[in-house]
Amino acid sequence: MHEPLGPMARQLYRAAHDPEGEARVTANLGVLAFLRGEWDEAARLYEQAVVATERLGDAVGAAVTAANQGELLVSQGRILDAEPVLRSAARVMRASAFVDGAAFAELQIGRLLVARGDPAAAGEGLGRVHDERGGLGQPASALEAALHLADAMIELAERERSSDGPSRDGRDAAVTVE
């Protein structure tokens with residue numbers, strides 16, 4: 001969506017009394033703001049879109065935007081705020097069989113767990129997301145999961161190394177990602 005057209009589309013949907021269209025455009029404008037690094041604006045737009053979709057009774061639409069909110073919160077380091085948002089979004093999307101959306105939320109949960117200092121749990125969840133996305137024929141999404149999985153494994157290896165010291169033969173343990 002071209003940036004100047006987004007706000008215009010939002011106004012047109014509002015004028016046409018189409019709250020569903022307005023909510024979708026608002027959520028998309030939130031994504032654009034997030035990608036531009038305008039995180040306060042993204043947060044404001046995401047919140048408006050979640051409220052609007054919930055008001056419409058669109059639990060899945062609200063969960064999709066909530067997952068985007070969660071991604072923003074993780075990126076901001078607001079882990080405690082992000083976790084319930086992401087877990088709820090993933091649960092709603094899994095229950096509605098929206099696998100792509102659930103996997104996105106679970107990927108963000110993996111990032112959250114690494115940031116929180118629980119790389120083992122992150123590795124388990126990210127491994128599932130990687131396998132699922134690969135099985136769905138989505139190599140780019142599987143690669144993203146693999147990259148975050150590698151982050152978790154590196155964090156885990158560093159923790160083990162710092163607590164155990166170097167291995168007996170003087171070599172560091174290798175970490176591989178399939």
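Colleague: What makes the crossing of H6 and H7 left-handed?
Modeller: The crossing is left-handed because the term applies if the near helix is turned anticlockwise from the far one by less than a right angle; clockwise would be right-handed. This is a predicted model: local features need pLDDT of at least 70, side-chain atom pairs pLDDT 80 or more, while totals for chains, interfaces and linings use all residues. Residues are numbered from 1 along each chain, and side-chain values use heavy atoms, without hydrogens and water.

Colleague: Why is H6 called roughly antiparallel to H7?
Modeller: H6 (residues 99–116) and H7 (residues 119–135) pack at about 155 degrees, with axes 8 Å apart. Angles over 145 degrees count as roughly antiparallel, under 35 as roughly parallel, 65 to 115 as roughly perpendicular, the rest as oblique. So H6 is roughly antiparallel to H7.

Colleague: Which residues of H6 and H7 meet?
Modeller: Among them are Phe104 and Leu107 in H6, and Leu126 and Val129 in H7. The residues of this contact (heavy atoms within 4.5 Å) divide into 11 nonpolar, one polar and four charged.

Colleague: Why does Ala97 count as exposed?
Modeller: Its relative accessibility is 61%. Exposed means over 50%, buried under 20%, partly exposed in between (1.4 Å probe, protein chains only). Therefore Ala97 counts as exposed. Ala97 lies in the loop between H5 (79–95) and H6. Its phi is positive, about 65 degrees, although Ala97 is not a glycine.

Colleague: Where does pLDDT stay under 50?
Modeller: Over residues 166–178. pLDDT is the predictor's confidence in each residue, from 0 to 100. Where pLDDT is low, the predicted coordinates should not be read in detail. The chain averages 87.

Terms used: Axes fitted to C-alpha atoms, helices over the stretch in contact; angles between N-to-C directions. Helix = DSSP H or I, 4+ residues; strand = E, 2+ residues; numbered from the N terminus. Nonpolar A, V, L, I, M, F, W, Y, C, P; charged D, E, K, R; others polar.
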